[in-house]
Amino acid sequence: MRQFLTLVFTLVYLLGIAQDYKPVNLSAIKARHIGPALTSGRITDIELHPTKSNIVFVGTAGGGVWKSSDAGLNFSPVFDEHCQSIGTIAIDPVNPDGVVWVGTGETWTRNSTSVGCGIYKSDDGGDKWKLMGLENTERISSIVISKKDPNVIFVGALGALWGDSSDRGIYKTTDGGKTWKKIFYINPRTGCSDLVVDPGDENTMYASFWEFRRLPWSFTSGGPSSALYKTTDGGEHWNKIGKGFPKGDLGRIAIAIAPSKPERLYAVVEAKEKSGMYRSDDGGQHWEFLNGDFALTVRPFYFARIAVDPSDPDIVIKAGLSGAISRDGGKTFKGIGSVHSDVHDIVFNPKYSDMVYVGTDGGVYRSLDKGGSFDFVDNIPVSQFYDISIDDATPFNVYGGLQDNGSWYAPSASLSGGIDASKWTGVGYGDGFRVFKHPTKPVIYSEMQSGEGIWRYNQKYGDIKVVKPYAEAGDPKLRFNWNGAIALSPNHPDRIYIGSQFLHRSEDMGDTWQKISPDLTTNDPAKLKQDESGGLSLDNSGAENHCTIFTIAESPLDDKVIWVGTDDGNIQLTRNGGKTWKNVSQNIEGMPKFLWCYKVIASRFNASTAYAVYDGHTQNDKHPYLFKTTDYGKHWLPLATSEIKTFLRTVAEDVNNPDVLYVGSEMGLYVSLDGGNHWQRMKNKIPPVAVHAIAQDPKTGALVLGTHGRGAIIVDDIGLLQQLTSKVRQEEVHFFETDPFIMHEKSAFYSGGNDRTDFVGQNPSRSAKIAYYLKKRHVFGKMKLSIQDMEGHEIVDLTPLKAKGLNIVSWNYRMKPPKVAKGKTFVFNSLTAPRVRAGKYKVVMTKGKKTFEKVIDVRYDPTSNYTSEDRQIQYESTMKLFDIQQDLAYLVYQIDEYRTVLESLQQDSKANLQNILAKMTVLHDKLVVNKGDNYVGQAEPMLREKLSRLYGDIANYFGRPTGAQLANLHKLVDEFDEAQSQWKSIRQQADKAIADTGDQPLKIKDFEAFLK
Amino acid sequence: MKKTFIALFVLLGASVFAQDVDGILQKYFEATGGVENWKNIQSLRTVGVMKMQGMEIPFDGYQSKDGKMLQKANFQGKEMIFLASDGQMAWGVNFMTMKAEKKDNETVENLKKQAKEIPSPFMDYKEKGYAVSLDGEKDIDGTNTFRVKLVKDSLLVDGKMIPNVEYYYFDKENYVPIMKEAAIPAGPMAGQKAQTFFGDYREAGDLILPYEMTSKVNGNVAQSMVLNKYEINPEFDESVLKFPEEAPEKSAPAEKSMPADKKEDK
């Protein structure tokens, strides 16, 4: 039976290939990134152009590669089509404007680090990238490119973190990356953690090798295979060096060469005794211990970069908790200027070494005084959310905790500009994880790592209280995961759950706790020795806490049904509110034991249904594991197919359609339209970033992704997938059903200040989104999309999108602006088009000879403070001014036409023409501005300008015009009527004058023709 | 039998492997009117409407093989020349003062290089000194395309020559480009990706040309140009390209009597 089920599992996994599923084009569904960037995120590597100070590349732990072309003022992402965990970046010294290499996979091997996907090359300065192999190395630490022949490249691969692997060591290519040869390898546990080349002799290189291993419950740094090696023949032979290094096993070794004095080497060596900085002045033959300060020796697995001033071999900076600088050749150190903690990389500008960049857990900093003081780059939104949640506000707020950057929330939309740094509010310290808003009260829950702090923050009273559960009499020590499990009840607003090895429940927002389960984990003593973790350097930060509850879900349909997943493989279920528990993970067939249950969710459609995601990558297993049960865990159906390319972190069920499922993988978001039979990756502005958490707003269908590297990403239009059935996909054209469109009626002034580099998250579109499906791309022939009233009068002509699959066209509820009188200058207020009234409208698509129609419903904002009468007066006033501006335009057109004719008659015609022309000029000058310019040379406003200004004031508002505006409208109408009357008289005189010359009466366009 | 297999192999090979860039371009020119008709183009006039931010602005454009260029638009009844070039210098009307101002030297240098793009940058690209290569295939909004890399003459930006690279995406089904992409070379958006989508291919004289071009920056629609007509080798009055010492506009006659405003900048 077990074998049979394994076979079924394998078949389902391969289904994607077997049935040749064709993904639907969903590129119209565009994501928007809201940051935050005020915290930025973990930076792994910085690379500067060798000669152009303006070019800077930044590699990040989970947010890809960013490039600046203005010396670090502004950065843009340049690696969004590939995995986002970056180990190192190298610029070709021969063709630095063109060729850039990226080795993927972060090498600062913390518990939450991601994995890479090989080495990439760009030939155009980082615009487009091509995979050049080494896909299985997982973590690339170094790239050395020959100055003599850029086709010769050496790569140091640190390799797998969570298990044995032979895909590590030093690789060499001699054909620009087409083929690779592994030229130096130690063993499956030991990888190349650094590789540096002598700037004067590229046959001389130094390579540090590190023996290391991480398990979900422990970390080991160091062993007999860790060592420093040197080659003097271009990598043919490598000799272990380190005379003067500590005795015994070594750990991670950081290595750097002084560019101005290549025989000077610095190394920071991890060892049981005498860890610290060593220096060699003879090319590595002899080493002298200089300094064992905390700043140098702290957490070698996390900080192993040394940078030497290119112009002074005695100035050296070591990465670390805060970063430290020596100006005496490494003998003594002091801290660098204030930056975010956890400095991972430091680079000196090669030509002007006072300019220094550092990369930290909290982003990039720049110094112009060699590290004495720094300013922060505020436009790299690579924050790493561990979790994400939303509330039920309109617009909803987004809550979450960040790796080493606290906990935050921000609105998903703002009235002014977008979501800039000022929109984010801090709600927790340390590493932030799960953050929840109380469903009905102004209370936010947040936490710090390993249950060290669990806070209840009442914003109304400014009250922050620690509300975590403590061990009760007779209890063992409570074990909280690094990313401790917290969940709210979907049924009881004041109820909150927290998971240690037990499930704790509070009915009073954390003031009192009840333990409602036994130890739900395996409680394996072998996995509870965190105080021994770290290897040569003890590292018991809490990050390795294990045998803990990791995910909790109370059924929205039955408050007695609670699912719990643990980091050591269990899924436990109670159906009686915690009185009894059953381990239902044992019913999952075909899955390795003790993998990490990363997410379990209770279905909102059926109490017996749940979904579970398992993550095996911490046991060196990167398969996606996703299961569904419909019978309270008795049976589980595997849902992950080969269409999903890597391991999973989370799953979410669409709020309306149970056939639509979302999963967050380590490399992007996937969606299924058929209950998990097939999956496709959502790509448009969603890079292959680790998606740790998903929340969906039930009101709008918007999906919010908590990514571990690109902050919070919102996919506003993904709710359309609920309608994308297989039947719809067969239609030539299909318009999607949409909820009534609400016309946004709120405004605010800009309040962003003068910071021109601050990242600003995009607001959602406030337009009506007309969504349709095209079976085929429209390439040839005319295609038109217009909005009409229900009588078929065209209101506006939109630009149709023509892609195969889903298309979304925005309409801003506006008609066309009025045609205005021609004058010397422009009337910008008249660029405003009147807004339509609430009601039903037709969307009409003309495609070749075929026509397709859809009726849409447009409504006023129900939260606005305007009465129906207000709106009616506003609309009528707007349209009155719209019409009168067009009437005036026609009047001025007539004057211009007549004047042209009369001037042509003047030379040989009667004297009274002069008089008529003079009258026309006087009238014309009253109607439109005929002098000045559009800036400070503007003339006094005439009737056109006055009408336009009033029109703009009224049409851009949504409610009742002021009394002054209405009075002004009457006044201007009177002025126009008077002008009409004058023109009628002048025109009669002009017609007579023309007739007197014997010419034919002047033919001018009628009003309708003029408007066209 | 053996011959059949060989023939089959050759056919398959031709369709699967032999899709070099010149073959794609040849099919493109054939599908859109033929090389001869393309080569007949000495100058091109485009008339249509530019749609952006809810506005519809009529425009009229002209470009010739010998570097003459005119772009004018009608804004609130006034005709504005945004760009005019006789191939040696270029000017445009300042929107604030509505007076002609000369374009900066870098713009002029870069405009001169554009003349080669008539009738198409791909026509005789080698003689132009352009480099064209097939850069793989890519799905563009659900349509399979060939990605063709076009390297044109470098641009002069802020005193430096920078590469001028465009990627054209040719629909694999019918060999017409449906999109082109390039990095914005200068200004506050420098470095960001601008895409132009080509649609509504229809007859234009003896050719088949796109009547709609929608521009996106970083995926967001910036503007679209909807053409009413193309004119191939039209009559053209070159005197309009001459830099006007006074305001070039044809405005209300009354303004002729008005003195120029000399106010200082605020």
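**Exercise 1.** Which residues of the largest nonpolar core touch the most other members?

*Solution.* The model is predicted: local features need pLDDT of at least 70, side-chain atom pairs count only at pLDDT 80 or more, and totals for chains, interfaces and linings use all residues. Residues are numbered from 1 along each chain as its sequence is written, chains are lettered from A in the order in which they are written, and side-chain values use heavy atoms, without hydrogens and water.

Step 1. A nonpolar core is a set of buried Ala, Val, Leu, Ile, Met, Phe, Trp, Tyr and Cys residues joined through side-chain atoms within 4.5 Å; buried means under 20% relative accessible area (1.4 Å probe, protein chains only).

Step 2. Among the 67 residues of the largest core, Tyr772(A), Trp811(A), Met920(A) and Leu927(A) touch the most other members.

Step 3. Helix 3 (residues 868-906) of chain A gives the most to this core, 15 residues; helices are DSSP runs of H or I, at least four residues, and strands are runs of E, at least two, numbered from the N terminus.

**Exercise 2.** Locate Ser489(A) and describe its surroundings.

*Solution.* Step 1. Ser489(A) sits in the loop between strand 39 (485-488) and strand 40 (496-499) of chain A.

Step 2. With a relative accessible area of 6%, Ser489(A) is buried.

Step 3. The Ser489(A) side chain reaches the backbone nitrogen of Asn491(A) at 2.9 Å, and one of its polar atoms lies 2.9 Å from the backbone nitrogen of His492(A).

Step 4. Beyond neighbours within four places in sequence, Ser489(A) is in contact (heavy atoms within 4.5 Å) with Arg495(A), Tyr497(A) and Glu554(A).

Key:
Buried means under 20% relative accessible area, exposed over 50%, partly exposed in between (1.4 Å probe, protein chains only). A polar contact is a pair of N or O atoms within 3.5 Å; within protein, one must be able to donate a hydrogen and the other to accept it, and residues adjacent in sequence count only if both atoms are side-chain atoms.
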